[in-house]
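Take a look at the fold below.

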Amino acid sequence: MVIKLYLLRWIKIIRPYDIVITMGEENAVQKSLEFLKHTFQTYYASNKMELPDRFGRREFAFILFGGKGMVRHLGFEKRELLWDFLAERGPQHAYYSSAYYQYPAAPKMIEKNWMGAELIFDLDSDHLPNAEQMEYVESLAAVKKEFIKLIDEFLLGDFGFKEKHIELYFSGGRGYHCHVKDPAVLDLDSNERREIVDYITGRDLQDSLIFHEEATGRKRYGSHSFASGTSLKMPTPDQDGWKGRISRGIIELVHEIKKSDDPQKRLEEYGVRPRDAERLVTELSEERMRRIQNGLLDQSKTIRKFFLNSALRKTAVSLTAGETDEPVTCDVKRLIRLPSSLHGKTGLKVVKIAVDDLKEFDPLRDAVVLPEDPVHMTLQKSLHIQMKNQQFHLENGDHEVPTYLAVFLIGRKQATLLQPHSL
């Protein structure tokens with residue numbers, strides 16, 4: 001089948017030119033763009049990437065260097081056609097559908113004939129609280145922690161998916177993807193997938209489902225006995241699902257507050273208003289803290305609400321950037337990054353990760369695949385970063401750095417190409 005570029009007539013493609021001849025006439029941004037494109041073309045020409053299963057049933061889409069918009073609705077019957085496309089075009093970003101279609105190259109979604117879709121989880125550092133205050137390396141570590149929680153506690157734990165049905169990927173940018181390929185999920189519709197998301201994020205989790213009241217004593221009136229009091233009990237840490245998860249979160253919070261030099265400030269860091277934080281500190285006596293660790297939450301509504309909300313924040317997984325966002329997981333026709341492709345803003349590879357290797361995975365070591373050939377560039381501000389086990393301490397100005405670092409910095413718009421790069 002001939003590759004169908006249905007939208008190509010609307011896409012502006014920058015034609016490659018001889019950089020050596022025209023370099024002096026082009027501005028720094030254009031020079032940098034052509035350098036990135038050539039680097040990507042070289043990578044794809046030299047690396048025949050492993051393709052997704054049933055790739056002939058997938059829709060493919062690309063964003064091209066210098067192009068406007070996305071080229072999509074493409075189908076490839078032979079892997080050689082896809083490899084040739086990547087080597088020739090050297091796209092900035094490459095995607096494929098999480099869904100399987102009977103006619104993946106059809107120009108309209110309704111004509112593709114949907115046949116099922118993987119269950120996709122896309123965790124990005126943008127989803128994290130205070131993400132805007134984090135440096136890139138810090139955000140990578142934080143989002144990986146969330147991703148490990150998603151895999152270990154929820155997908156392998158609560159839902160019981162088998163490892164053989166789970167594929168993990170570093171996105172090449174700021175996060176991680178998980179593809180669940182269990183046959184049981186392929187036919188789920190958007191609403192059914194949303195129920196999975198609601199469970200993982202703890203949406204609408206009510207304290208009445210977690211805590212329960214227990215009689216603390218009995219009084220007798222004639223031949224009848226009555227409860228003399230009640231105590232609010234929380235689950236034990238070893239219980240399954242959200243009950244045990246909330247219990248462990250509460251106990252961890254108690255330890256944090258007890259060890260803190262400034263308990264009120266620590267509570268405010270959890271989002272508690274200063275007035276409520278002051279009240280909580282007063283109510284959280286040593287005796288009450290001990291009772292909470294023993295599973296007795298007492299009847300303080302302030303304490304009860306704080307611990308449930310805070311433990312929920314600590315133990316749930318952030319799948320969106322806000323309350324109104326629609327998670328990727330609910331989309332049955334989602335485009336996701338192509339495994340083994342390069343991310344256009346970093347030059348890092350979309351790397352497949354074994355479940356057992358996830359904790360030790362280091363994106364700035366294990367996803368660096370571009371060469372070490374020296375490149376001259378101009379850095380816009382100082383930088384301290386470790387890539388490929390090498391430390392770089394660079395001040396703003398002109399530098400010669402390995403290709404992989406130059407692509408990373410130029411892609412993130414932190415640097416521009418300095419002088420002609422021999423092609």
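This is a predicted model: local features need pLDDT of at least 70, side-chain atom pairs count only at pLDDT 80 or more; totals for chains, interfaces and linings use all residues.

Residues are numbered from 1 along each chain as its sequence is written, and side-chain values use heavy atoms, with hydrogens and water left out.

The protein chain holds 14 helices and 17 strands. These are DSSP runs numbered from the N terminus: helices are H or I with at least four residues, strands are E with at least two. Take contacts with a separation of 6 or more: 66% of them in the protein chain join residues 24 or more positions apart. Contact means heavy atoms within 4.5 Å.

The protein chain exposes about 21700 Å², and carbon and sulfur atoms supply 47% of that. The areas come from the Shrake-Rupley method with a 1.4 Å probe; for residues, only the protein chains shown count as cover. Of the 423 residues, 49% count as buried. Buried means under 20% relative accessible area, exposed over 50%, partly exposed in between (1.4 Å probe, protein chains only).

Now go inside. The largest nonpolar core has 110 residues. Such a core is a set of buried Ala, Val, Leu, Ile, Met, Phe, Trp, Tyr and Cys residues joined through side-chain atoms within 4.5 Å. Phe62, Phe121, Leu155, Met387 and Leu405 touch the most other members. Helix α5 (residues 136-158) gives the most to this core, with 9 residues. Leu405 touches Leu383, Ile385, Met387, Phe392 and Leu394, not counting residues up to four places away in sequence.

Last, the cysteines. Cys178 is buried at 0% relative accessible area, and Cys330 is buried at 2%. The disulfide count is 0, a disulfide being a pair of cysteine sulfur atoms within 2.5 Å.
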